Each structure stands twice: as structure tokens, then as C-alpha cells.
Amino acid sequence: MIRKTKKDKIKEHLLKGLSITQKDATDLYHTTRLASIIWCLKEEGMNIEMKMESNGISRYGRYKLIPKDGKRNNFKEGHVFSYTGFDRNKLEGK
């Protein structure tokens with residue numbers, strides 16, 4: 001069985017139409033190198049956009065894949081977890 005890399009997991013996450021923050025990446029995929037992974041995915045040709053957000057205490061970036069047709073959806077639309085928490089069962093389709 002081939003084990004998926006963290007980059008593969010984040011790529012799949014973005015391809016599902018979900019957005020991701022560093023906190024989400026740490027909680028879901030145990031990686032603290034989201035910006036580096038995003039850079040690599042962009043080098044592979046993925047069109048990923050980052051939008052700065054604030055929770056009232058700090059600012060953070062939320063990354064989202066822009067579809068090939070160029071139609072941008074709202075960054076918050078469709079993601080199954082927020083900056084403060086997530087529902088792992090929804091993400092895993094349980």
C-alpha cells in the first residue's frame with residue numbers, strides 16, 4: 001500500500017473544493033509547512049489563491065483552489081470547518 005504524502009492530502013483537500021488555513025492543515029494533516037506545500041502545488045500548475053482573514057485576535061491566510069473556468073466561489077462557501085474547529089466526520093464522508 002502506498003502511503004499518501006502531506007502534499008497529496010492537501011492537494012486532494014483543495015480539489016474537493018474546500019479551503020484550508022494553517023490551523024486546519026495542522027489539525028487535519030499534522031503539517032506546519034502549508035505555505036511551502038502550496039508553493040509546490042502552484043509550481044505544479046495549480047491555480048491557488050490566498051485571502052487574508054482575521055478572527056479578531058490574529059490574521060491568517062485561507063487558501064482555495066481557483067477552478068480552471070476561473071469562476072471564483074466565496075472562500076467560506078463549502079468548507080466544512082472554520083478557523084476554530086472542524087467536523088472530521090463530514091470531511092471524511094462518514
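User: Which residue stands opposite Arg62 in strand 3?
Analyst: The model is a predicted one, in which local features need pLDDT of at least 70 and side-chain atom pairs count only at pLDDT 80 or more, while totals for chains, interfaces and linings use all residues. Residues are numbered from 1 along each chain as its sequence is written, and side-chain values use heavy atoms, with hydrogens and water left out. Arg62 belongs to strand 3, where strands (E, at least two residues) and helices (H or I, at least four) are DSSP runs numbered from the N terminus. The residue opposite Arg62 is Lys51.

User: Is Arg62 buried or exposed, and what is its relative accessible area?
Analyst: Buried means under 20% relative accessible area, exposed over 50%, and partly exposed in between, with a 1.4 Å probe and protein chains only. Arg62 is buried, because its relative accessible area is 1%.

User: Which side chain is joined to that of Arg62 by a polar contact?
Analyst: A polar contact is a pair of N or O atoms within 3.5 Å; within protein, one must be able to donate a hydrogen and the other to accept it, and residues adjacent in sequence count only if both atoms are side-chain atoms. For Arg62 the contact is 3.1 Å, and the partner is Ser19.

User: How many bridges pair strand 2 with strand 3?
Analyst: Two strands pair if DSSP finds at least two bridges between them. Strand 2 covers residues 48-54, and its Ser54 stands opposite Arg59 in strand 3. The pairing is antiparallel, and the number of bridges is seven.

User: Which residue in the hairpin of strand 2 and strand 3 takes a positive phi?
Analyst: Four residues lie between the two strands of this hairpin. The phi in question is near 95 degrees, and the residue is Gly56.

User: What is the order of the strands in the open sheet of three strands?
Analyst: Strand 1 (residues 20-21) is joined to strand 3 by two bridges and runs antiparallel to it, with Ile20 having Tyr63 as its bridge partner. The sheet has antiparallel pairing and the order 1-3-2. Strand 1 and strand 2 each have a single partner strand, so one side of each lacks a neighbour in the sheet. The order, again, is 1-3-2.

User: How many of the residues of strand 3 are buried?
Analyst: Strand 3 covers residues 59-65. The strand is largely enclosed by the rest of the structure, because the buried residues among its seven number six.

User: How far apart in space are Leu14 and Leu65, C-alpha to C-alpha?
Analyst: Leu14 is in helix 1, residues 6-15, and counts as buried because its relative accessibility is 1%. Contact means heavy atoms within 4.5 Å; beyond its neighbours within four places in sequence, Leu14 is in contact with residues including Ile38, Tyr63 and Leu65. Leu14 and Leu65 are 51 residues apart in sequence, yet their C-alpha distance is 5.7 Å.

User: What arc do the buried residues of helix 1 cover?
Analyst: Ile10, His13 and Leu14 are the residues of helix 1 that are buried. The arc is that of the directions from the helix axis to the C-beta atoms. These residues lie on the same side of helix 1, because they cover only 95 degrees.

User: Which residues are exposed on the other side of helix 3?
Analyst: In helix 3, residues 34-43, the buried residues are Leu34, Ile37, Ile38 and Leu41. They are on the same side of the helix because their arc is only 100 degrees. Those buried residues pack against helix 1, strand 1, helix 2, strand 2 and strand 3. On the other side, the exposed residues are Trp39 and Glu43.

User: What share of the 94 residues in the protein chain is buried?
Analyst: The protein chain has four helices and five strands, in the run α-β-α-α-β-β-β-β-α from the N terminus on. Of the 94 residues, the buried share is 32%.
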